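Here is a short briefing for a first look. Please view the sequence and the structure below, then read on.

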Amino acid sequence: MQLETKAIHAGRGVDSSTRAVTIPFHPSTTFERSADGSYPSGYEYIRDANPTRNAFETAMAALEGGHAAVALSSGMAAITAVFDAHPSKGGRIIVPDDMYFGIRSLIDETDIGRRFEFVAVDMRDLHALRAAARAAPTGLVWIETPSNPLIRIVDIRAACEISHEAGALAVVDNTWATPVLQRPFELGADAVMHSATKYIGGHSDLMAGIVVLPDASPLERPLRMIQRHKGSAAAPFDCWLALRGLQTLPVRMRAHCDGALKVAEALSKHPAVEKVLFPGLPDDPGHGLAGRQMSGYGGMLSFIVRGDAEVAMAVAGRLQLVMRATSLGGTHSLIEHRASVEGPNSMAPAGLLRISVGLEHPQDIIDDLCQALAVAE
């Protein structure tokens with residue numbers, strides 16, 4: 001089946017008891033034993049397995065071209081679970097220097113930063129990545145592309161090869177690209193992670209994370225044990241919402257990509273904009289690589305306003321259609337001044353605004369941005 005068909009049918013079918021064509025939602029936390037104490041349905045307790053969560057895991061494994069998937073309560077729960085589950089070689093993990101700020105907070109503000117050694121490198125520089133991987137025994141290389149918020153593109157195939165040369169597992173955060181635009185397993189990845197809260201759900205109304213694995217992955221059993229015993233399993237209703245979102249994911253991603261390209265082109269010509277960070281623009285440093293390893297350039301972009309943080313905040317404050325809110329991947333266009341959100345350790349320039357281009361008409365988004373940018377001219 002093609003991806004569009006898998007998005008609708010994988011993990012689901014006509015309900016055997018009612019003949020309903022939409023998968024039912026199973027909220028039950030526990031399941032009845034037979035008189036002999038067995039569980040003929042295969043289900044015992046919600047942390048062990050749940051029909052709705054299993055369907056979501058099966059669907060995501062099919063979409064990413066993996067063998068199995070483990071659904072957790074959030075994207076951060078999925079990231080933490082991978083860090084905890086990887087085969088430790090001195091507890092050393094290589095991460096990108098431009099990465100989702102939640103990982104920085106996880107490292108700085110929880111025991112994760114004390115239990116593992118984290119080394120940050122610019123993964124666009126393959127020589128720097130190779131040097132870091134060879135410097136000491138390394139268990140895991142975390143690859144984020146496109147990156148947040150600088151929209152950098154990392155060569156997944158090359159990064160995976162360098163990881164494997166060093167005896168490390170390579171895990172790709174595919175949240176921004178989704179399986180519609182990027183196929184990490186085909187490029188050598190050992191696992192693929194998503195914050196399903198974003199494009200997978202697609203409507204800003206659920207929270208979940210998922211890790212997709214190939215056959216015989218050393219991560220599968222430890223991830224299952226974390227899901228089962230550490231209380232981080234994804235809730236059935238969130239999984240049901242994610243399954244609903246998957247059905248339109250390919251169509252939505254095409255619309256997000258189309259809108260983002262038009263917005264990026266318009267902003268690149270605006271006199272109040274110093275720079276647009278978007279791999280769909282021909283002059284972007286990641287344009288060529290993104291064209292080779294992605295089937296579209298994504299729905300996320302950042303732009304740097306001419307002026308300081310105060311000017312950038314004033315631009316965001318004048319917007320009427322585009323909403324000032326955290327997160328991404330939903331139907332609404334959202335904007336954030338990342339430096340103020342992330343604090344003093346942010347890599348975002350003072351004038352940078354990040355946009356998640358939603359499903360409104362692109363010209364309406366452009367018009368709103370242009371009227372807001374008048375304050376910076």
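Which residue in S12 does Ile-304 stand opposite? The residue opposite Ile-304 is Leu-352. Keep in mind that this model is predicted.

**Strand S9**
- Strand S9 spans residues 300–305 and is mostly covered, with six of its six residues buried.
- In a regular strand, side chains alternate between the two faces of the sheet.
- Both faces of S9 are covered.
- One side carries Met-300, Ser-302 and Ile-304, all buried.

**Partners of S9**
- Strand S8, residues 273–277, pairs with S9 in the antiparallel sense.
- Four bridges link S8 and S9.
- Leu-277 has Ser-302 of S9 as its bridge partner.
- Strand S12, residues 352–356, also runs antiparallel to S9, and five bridges join the two.

**Salt bridges around Glu-336**
- The whole structure holds 17 salt bridges.
- Arg-338 forms one of them with Glu-336, and their closest N and O atoms are 2.4 Å apart.
- Arg-338 is buried, at a relative accessible area of 5%.
- Glu-336 is buried too, at 7%.
- Those values lead to that label because buried means under 20% relative accessible area.
- Arg-354 also forms a salt bridge with Glu-336, with the closest N and O atoms 3.5 Å apart.
- Arg-354 lies in strand S12 and Glu-336 in strand S11, residues 334–336, so this pair ties together parts that are 18 residues apart in sequence.
- Both Arg-354 and Glu-336 are buried.

**A salt-bridge network**
- Asp-84, Asp-111, Arg-115 and Lys-230 belong to one network, joined by salt bridges that share partners.

- Lys-262 forms a salt bridge with Asp-258, and the closest N and O atoms are 3.2 Å apart.
- Both residues lie in helix H10, which covers residues 236–268.
- Lys-262 and Asp-258 are four residues apart, about one turn of the helix.
- Are these two residues buried, exposed or partly exposed?
- Lys-262 counts as partly exposed because its relative accessibility is 39%.
- Asp-258 counts as partly exposed at 38% relative accessibility.

How values were computed
Residues are numbered from 1 along each chain as its sequence is written. This is a predicted model: local features need pLDDT of at least 70, side-chain atom pairs count only at pLDDT 80 or more; totals for chains, interfaces and linings use all residues. Side-chain values use heavy atoms; hydrogens and water are left out. Buried means under 20% relative accessible area, exposed over 50%, partly exposed in between (1.4 Å probe, protein chains only). Two strands pair if DSSP finds at least two bridges between them. A salt bridge is a side-chain nitrogen of Lys or Arg within 4 Å of a carboxyl oxygen of Asp or Glu.
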